[in-house]
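The questions below concern how labels are assigned in a predicted model. Each answer sets a value against its cut-off.

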Amino acid sequence: MSSETPENAQAPIRFDTKIAVLLREDLEPWQRLNVTAFLVSGLGPSVPEVVGEPYADADGVGYLPMFRQPVLVFEGTKETLKAAHTKALSRALPRALFTSDLFSTGNDRDNRAVVRAVPTAELDLVGLAVYGPRNAVDKVVKGARMHH
């Protein structure tokens, strides 16, 4: 949902929702990229309203649609991630997770199996993506800092 209407099409678009990714601060650069890509891949199919219209260049070549709003990436400690996960669960926000065990698997079936093998409270989270109302997502990522 945005405030864009025909009358104010040139005004900045303000979204009442937010997409946030929270990464554990001790990840290697390649891991940060990999985890972020995996995490956000779950949002589009599960929350279709986050996806905009397909793109096309001036020659009419088509491209896949992408999120209609920015993805904000944060980082924090293992404890910050655990607290964010608890808050996301308590607010029943759409979420995706990435655990340290996923670095040792090589396919989707094994990925799901290693997550299923660990109780919620014992998950070794290295990444979390969350979507929802801005204020709710802000509360989930409270204590984390913007990734740079």
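Q: What stands opposite I19 in β6?
A: The residue opposite I19 is Y131 of β6. Strand β1 (residues 17-24) and β6 run antiparallel and are joined by seven bridges.

Q: What makes β5 and β6 a strand pair?
A: A pair needs at least two bridges. Strand β5 (residues 95-99) and β6 are joined by five bridges, so they count as paired, and they run antiparallel. T99 has L125 as its bridge partner in β6.

Q: How do you know that strand β6 is mostly covered?
A: Eight of the nine residues in β6 (residues 125-133) are buried.

Q: Why is W30 called exposed, and why is F103 called partly exposed?
A: The relative accessible area of W30 is 53%, and exposed means over 50%, so W30 is exposed. F103 has 26%, which falls between the 20% and 50% limits, so F103 is partly exposed.

Q: Why are F38 and F98 an edge-to-face pair?
A: Their ring centres are 5.9 Å apart and their planes stand at 65°, so the pair is edge-to-face. F38 is in helix α1 and F98 in strand β5, so the pair ties together parts 60 residues apart in sequence.

Q: Why is F98 called buried?
A: F98 has a relative accessible area of 5%, and buried means under 20%, so F98 is buried.

Methods: Residues numbered from 1 in each chain as written. Predicted model: local features only at pLDDT ≥ 70, side-chain atom pairs only at ≥ 80, totals over all residues. Heavy atoms only, no water. Buried < 20%, exposed > 50% of the residue type's maximum accessible area, 1.4 Å probe, protein only. Helix = DSSP H or I, 4+ residues; strand = E, 2+ residues; numbered from the N terminus. Phe/Tyr/Trp six-rings, centres within 6.5 Å; stacked < 30°, edge-to-face > 60°.
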